[in-house]
Every structure is written in structure tokens, then in C-alpha cells.
Amino acid sequence: IGHGGMQVGPGRRTSLMLSRDASTFDWLRLDADFGKFRYTAVHGSLASDVEFGQIVFPDDTVRTNYAGARWLAIHRFDVQPIEQLRLGFTEMLTYSARPTDYAYLNPVAPLFFSELDSGDRDNAVWVFDATVRPVDRVELYGTLFIDDLVTFGDIFNSGPEVDVDRAFDLGVDAALPYGLEAGLRYVRIEPWVYTHWQRLNTLDQRGFPLGHPLGPNATSREAHVRAWLPLRGYVGLSVAQSKKGLNPLDADGNVRVNVGGDLEMGALTSEQGNYGLFESADLQEFRTLGFEAGFEPIRGVRVGVACEAARRRATSS
């Protein structure tokens, strides 16, 4: 039982599934390890620390999309048939506008079928991941995130129609001579990933993030290197280039291209009583330089510092 941020799912520093940045987060977690098979179940209560329509970061253009309480349920399965291969599958959903659903507390009940029975009122996602060591000192990893999207029009007119949206996290890490480690990572998050036709069940929001902080319609490429020092010390350096598409507005404040986020309310302007999800740039480009250093006084217990410096450029089409 805990309170605070918790990362669930694979990924270097930040997982596509659930980042550590969720703000007010009370959770109950069950872990079971059977050697080659591991199982994790999580149920959490999420509440935003900010109000709807609030600017979280000074001089930013992004307003918070919601501030209501929600709940999160996760089931994760890990299988490692041989030392060189690990496979994982995770199902996750968020739900809101009702008290705790006790059916989701059942660690063996499939969340996907429960979500179907609810008429897609909950936001369910699937995540498949694998780690492979084809040769000694080289590790390949990949994650496929699958999200489904059902709009108001689909439900009210012709019944639910599911459109699949995906995200990818691919990378390679290698152990080099002289205590060096190096790696490459590629992340692509398609438009509409993390979104849902119910506003409170959307997973991604600036100022109250759950999914990857890049958000929908984003791409990131990263290279990193780490040097191990005596007494289990280390220093590391990383460089990344990222692009994030936003919702461009026309001169009248209407969304020209909606790339993700709030489906129904994203096109409304402040004069209509609400805010657009994004209010200025079509595209943001980030160049990020990261540094880390630390040591392990006891194996498994790490103490250190990490910092990042980023330069952002916004362009408009």
C-alpha cells in the first residue's frame, strides 16, 4: 500500500504505461513472483492537484483538461522462459464518475472483458513488451501500446466502432569495454493514444501526467552512455531530440487539426466557457541534454543526482 508516483511497465526512465509523475496517487499493489512467472495487480485512486483550465507552468499555453477523481486498475504478467528472453503483457483501465468498482479489485478477473460489459465507459489499453539478449552484452527491448478510441458519434449513431491507436518504445543497450554502457532509444506515440470519449478517463494531461510525458502525436530519439566507476559509482550522459504535435487553432480560435487530447471539448475556446487543449504552436521541437551521477553504498540501494537541460522551439504551419 503506498502513496505517490509509481512507474509500471518497461522503459528507460519513463514507461509508456504509467509514469512516476502522477500527482495525488494512493495505490494498492500485489506482487507475486514464481521464478519464471511474475504477476502484478494494482488498484489506485487518482485525484488532480489542479483545477480545470488552469495554466500549470508559467508562460505555457497548455491548460489542464480535467480535475476530477478517477480510478486505475492494472494487471501485468511477466514470463521468462529462458535467461535470454523475457515477455510481458499488461492490461490497464481507468474509470470515473462512480465509486470504486469492486469487480476491478479482483486480481484474476480480466479487465478487458469487464470493460466490454460496461459499454466502453472505461478506458482500457493493452501493452505487449519483450526483452531479448541475442548475444552476450547486448540487450534489445520493445514495447507496443494499444489503445482503442470510441467517439460520441459512434455510440449514439451506429454503435461502438473501435479505432486502434498505438505507441512504440524500441531500444538497444550494450555493455562495452572499460566499464562503459551505451544505448539508443526510439519512442513514437500516435495521435489519440491515451484519450477516451469520457473526459475523465483520458490518461495524458500536462500537470497531471499518467502516460508518457511526451503525450499523443510525439516522436523522440535518444542516445545515452554511462561509465561505471570504482565502489559501484557511475556517471551518465544522454542527448535526445523530440517532436510533439499540438492542436493548431485558426484566427477564430477553432481547432484546425485535432491531434489528440479531449475529443469533444478540445475545439471550444475560452469565450465559450472552456479551453482548447493546446492554444498556440503546431509543433514543438525539444533538444534535451541529461546528466546523472551516483553510487550504490549497498547493492540495490542507489544514491545520486540527475538533471536535464532542454531547449524548446515552437513552429507554426
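Predicted model: local features only at pLDDT ≥ 70, side-chain atom pairs only at ≥ 80, totals over all residues.
Q: Which strand gives the largest share of the nonpolar patch?
A: The patch on the surface has about 1000 Å² of accessible area together, and its members include Leu176, Tyr178, Leu180, Val235, Leu237 and Val239. Two or more residues come from each of strand 10 (218-229), strand 11 (233-245) and strand 12 (283-298). The largest share, three residues, is that of strand 11.

Q: Is Tyr178 buried or exposed?
A: Tyr178 is one of the residues of the nonpolar patch, and its place in the chain is the loop between strand 8 (163-176) and strand 9. Its phi is near 65°, a positive value in a residue other than glycine, whereas most residues other than glycine have a negative phi. Since the class exposed begins over 50%, the relative accessible area of 81% makes Tyr178 exposed.

Q: What is the phi of Leu231 near?
A: Leu231 is found in the loop between strand 10 and strand 11, and at 75% relative accessibility it counts as exposed. The phi of Leu231 is positive, in a residue other than glycine, and is near 60°.

Q: Which residue has its backbone nitrogen 3.2 Å from a polar atom of the side chain of Glu91?
A: Glu91, found in strand 5 (residues 85-96), is buried yet has no salt bridge, and the nearest side chain of opposite charge, Arg76, is 12 Å away. Among the residues that Glu91 touches, not counting those up to four places away in sequence, are Ala109, Pro110, Leu111 and Phe112. The backbone nitrogen that lies 3.2 Å from a polar atom of the Glu91 side chain belongs to Leu111.

Q: What distance separates the C-alpha atoms of Asn201 and Tyr95?
A: Asn201 lies in the loop between strand 9 and strand 10 and counts as buried because its relative accessibility is 0%. Not counting residues up to four places away in sequence, its contacts include Arg70, Thr94, Tyr95, Ser96, Asp122 and His196. Although Asn201 and Tyr95 are 106 residues apart along the chain, their C-alpha atoms are separated by 5.7 Å.

Note on methods:
Residues numbered from 1 in each chain as written. Heavy atoms only, no water. Patch = residues over 30% accessible without salt bridge, like charges linked within 9 Å, V, L, I, M, F, W, Y side chains within 5 Å. Areas by Shrake-Rupley, 256 points an atom, 1.4 Å probe, with all protein chains shown as cover. Salt bridge = Lys/Arg side-chain N within 4 Å of Asp/Glu carboxyl O. Helix = DSSP H or I, 4+ residues; strand = E, 2+ residues; numbered from the N terminus. Buried < 20%, exposed > 50% of the residue type's maximum accessible area, 1.4 Å probe, protein only. Lys, Arg positive; Asp, Glu negative; His and termini not counted. Polar contact = N/O pair within 3.5 Å; in protein donor to acceptor, adjacent residues only side chain to side chain. Contact = heavy atoms within 4.5 Å.
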